[in-house]
Amino acid sequence: MKKIKIRFGTIIITEKTKRLITKLLDETRISQGKLTKKFEEKFAQTLGVKEAVAVSSGTDAITLALAVLYDYGAKRGNEVIVPALSFVSTGAAILHAGFKPVFVDIKRETLNIDTSKIEEAITENTIAILPVHLMGKAAEMDTILEIAQKYNLKVIEDTAEGYGTLYKGKPAGTFGDMGTFSTYIAHMITTGEGGIVITNNEEYANILRSLRAHGRACNCKVCVLSTASNYCPKRFRYESDVRFLFERVGFSSKMNELEAAIGLGSLELYEEILQKRLKNFWYLHNALKEFKDYFYLPKEEKYERIGPHAFPIILKENVKFSRDEMMQFLEEKGIETRTLFSSMPTQCPAFKFMGYKLGDFPEAEYVGNNGLHIGIHQDLKKEDLDYVVDIIREFLMMHGG
Ligand SMILES: Cc1ncc(COP(=O)(O)O)c(C=O)c1O
């Protein structure tokens, strides 16, 4: 069989993007400005929300969304409830924001937080729940919102993998107080590196704009668009220069114009990208059913649409091979693979200092040991997906299939 390179992600650079970037370079005006604003507006429109604030990564999107809560009385060291299984940065962002992650196990079938275990994790220090729509599978938002309301908690949705995810007809990321996205190359709408926070709350959006610019007090157009070379009549409206007054412990987390130009091109093709990825997801799903004795495959419920971020595969208990053996075989054959992350508190060395022990999160740990995921992006064709299936079949034949 001829070897084919199957990449995990892809990036679209449209003609429009090229034109915009050439103009930016000619004008030597590339730090956050008008295009970033346009990208934010278009992104918000795509999801039907009022506000979007672009930042420099999906991790910062979570961190800054959490940091907004200081304006509403949160204290350093307050607790945020989060699933044990996610990409490492979901947990890290909580620490970056100055809060403490409190981990809750997941359900293996959904890869999402086990909502029946949330209430027992709530203490008087809890301020928020941070569900993750992992692998495009919607978290159980009805239950999460109910619990949040009962205990007066904020909800911030990590939607980095949930573009195109629908839950009861509504897009993931729009249920809580804020939704966060990554626009890194592995994701559906990409800017190369970047992230974005969405919300219907204008006040949150203004705080986010301040937080991404070092906690700047002024949120007038000149300051927000970083057009500092323009004269700003509002700058000296108080006794000191308001542009250099910092009223929050902020971050340096802006998206630049080159990134926004890439994102604008990508957004124009949103529907096309979504449909191609959905097609690839279900083609692979259908083909891999053949191997259902070996793998747990994603399951879509009637009330949802799985967002086509990637394709997760979890090895069943009785298989005679390891996840790493399978990943190595696929990689040798040119198919890029990723693990299905790990239980942050017990399998990720970075969180060792928190004192959790192996066995505390059995479901997350099972996926951490037995899960992998592969790309289904818009540039993959039927032949590519057939190749993936053939290589998996070849691997299974070698391992008693
Ligand atoms: C679930 C999840 N959260 C957060 C992130 C962080 O995004 P970024 O890499 O843009 O910081 C990712 C990144 O891939 C992710 O998959």
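Leu267 counts as buried because it has 22 C-beta neighbours inside 10 Å. The term rests on a count of other C-beta atoms, placed from the backbone, within 10 Å of a residue's own: 20 or more make the residue buried, 12 or fewer make it exposed, and values in between make it partly exposed. The structure is a predicted model, in which local features need pLDDT of at least 70 and side-chain atom pairs count only at pLDDT 80 or more, while totals for chains, interfaces and linings use all residues. Residue numbers start from 1 along each chain as its sequence is written.

Leu267 belongs to helix α8 (residues 257–268). Helices (H or I, at least four residues) and strands (E, at least two) are DSSP runs, numbered from the N terminus. Setting aside residues up to four places away in sequence, Leu267 touches Lys42, Phe43, Thr46 and Ile189; such a contact requires that the C-beta atoms of two residues, placed from the backbone, lie within 7 Å. Leu267 and Lys42 stand 225 residues apart in sequence, yet their C-alpha atoms are 7.4 Å apart in space.

The view may now widen to the whole protein. It contains 13 helices and 16 strands. Its radius of gyration is 22 Å, close to the 21 Å that the globule rule gives for 401 residues, so the protein is as compact as a globular protein of that length. This radius is taken over C-alpha atoms, and the rule is 2.2 Å times the number of residues to the power 0.38. Along the principal axes, the C-alpha atoms fill a box of roughly 80 × 55 × 35 Å. Of the 401 residues, 49% count as buried. Among contacts with a separation of 6 or more, 73% join residues 24 or more positions apart.

The domain assignment gives domain 1 (15–268) and domain 2 (270–398); such bounds come from an automatic or database assignment. The contact between them takes 31 residues from domain 1 and 33 residues from domain 2. On the side of domain 1 that touches domain 2, the elements giving two or more residues are β3 (85–86), α4 and β7 (166–167). The residues of that side divide into 16 nonpolar, eight polar and seven charged. Here Ala, Val, Leu, Ile, Met, Phe, Trp, Tyr, Cys and Pro count as nonpolar, Asp, Glu, Lys and Arg as charged, and the others, Gly among them, as polar.

Val88 is found in helix α4. With 14 C-beta neighbours inside 10 Å, Val88 counts as partly exposed. Apart from residues up to four places away in sequence, Val88 touches Met344, Cys348 and Ala350.

The largest nonpolar core has 106 residues, and those with the most contacts inside it are Leu64, Leu66, Val80, Ala128, Ile196 and Val197. A nonpolar core is a set of buried Ala, Val, Leu, Ile, Met, Phe, Trp, Tyr and Cys residues joined through C-beta atoms within 7 Å. Helix α13 (residues 382–398) supplies the largest share of this core, seven residues. Both domain 1 and domain 2 give at least three residues each to the core.

Finally, 15 residues surround the ligand, the closest being Ser57, Gly58, Thr59, Ala160 and Ser182; a residue is near a molecule if its C-beta atom, placed from the backbone, lies within 6 Å of it. The elements that give two or more residues to this shell are α3 (58–67) and α4 (88–96). By class, the shell has five nonpolar, eight polar and two charged residues.
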